[in-house]
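Here's a quick briefing to read alongside the model.

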Amino acid sequence: MTSISLRVEFGGGLELLFGNEKKHKITLPAQAPANHHTKNDPQNGDTKAADMDFLIHWLRDHLLKERAELFMENKTVRPGILVLINDTDWELEGEGEYQLKDDDEIVFISTLHGG
């Protein structure tokens with residue numbers, strides 16, 4: 001398999017950072033640069049299976065419309081963002097090391113509210 005199809009959803013206000021679109025269908029390469037930085041060409045270096053770390057960086061580089069600091073901090077999602085992989089907390093799935101599979105559903109929900 002050379003690519004992976006995913007469903008990605010944003011909620012709790014995060015959708016505002018992604019063009020006010022809650023649901024996205026995306027296709028990623030099955031192999032990603034070993035350093036997770038999507039701007040590098042995986043043909044010119046070490047690769048590994050696409051994982052959540054790669055997805056987070058890909059979302060920042062390709063779908064995020066504004067204010068990356070509200071989505072990412074220290075190369076991962078900010079504290080206060082709940083991440084679900086197929087309806088399971090990503091902490092139970094290995095967080096950033098979870099290897100993405102075709103047809104996975106990834107949900108990002110902000111648990112922080114203003115007021």
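L82 has I109 as its bridge partner in strand β9, and that contact belongs to a set of 5 bridges joining β7 (residues 81–85) to β9, with the two strands running antiparallel. This is a predicted model, where local features need pLDDT of at least 70, side-chain atom pairs count only at pLDDT 80 or more, and totals for chains, interfaces and linings use all residues. Residues are numbered from 1 along each chain as its sequence is written, and side-chain values use heavy atoms, with hydrogens and water left out.

- Strands here are DSSP runs of E with at least two residues, helices are runs of H or I with at least four, and both are numbered from the N terminus.
- Two strands pair if DSSP finds at least two bridges between them.
- β9 covers residues 104–110 and is mostly covered, with 5 of its 7 residues buried (buried is under 20% relative accessible area, exposed over 50%, partly exposed in between, using a 1.4 Å probe and protein chains only).
- Strand β1 (residues 3–11) runs parallel to β9, and 6 bridges join them.
- R7 finds its bridge partner in β9 at E105.

**Aromatic rings**

- Rings of Phe, Tyr and Trp (its six-membered ring) pair if their centres lie within 6.5 Å; planes under 30 degrees apart count as stacked, over 60 as edge-to-face and the rest as tilted.
- That rule gives 5 aromatic pairs.
- One of them is F10 with F71, edge-to-face at 6.4 Å centre to centre and 75° between the planes.
- F10 sits in strand β1 and F71 in the loop between α1 (52–62) and β5 (72–73), so this pair ties together parts 61 residues apart in sequence.
- F10 and F71 are both buried.
- F10 also pairs with F108, this time stacked, at 5.5 Å centre to centre and 20° between the planes.
- That pair links F10 in β1 to F108 in β9, 98 residues apart, and both residues are buried.
- Ring pairs bring F10, F18, F71 and F108 together as a cluster.

**The largest pocket**

- A pocket is an open set of points on a 1 Å grid over the protein atoms alone, where a 1.4 Å probe fits, with protein on both sides within 12 Å along at least five of seven lines; lining residues have an atom within 4 Å of a point.
- The largest pocket has a volume of about 160 Å³, taken as the space filled by probe spheres set on the points, which are joined across faces, edges and corners.
- Its lining includes G12, G13, L14, R78, P79 and S110.
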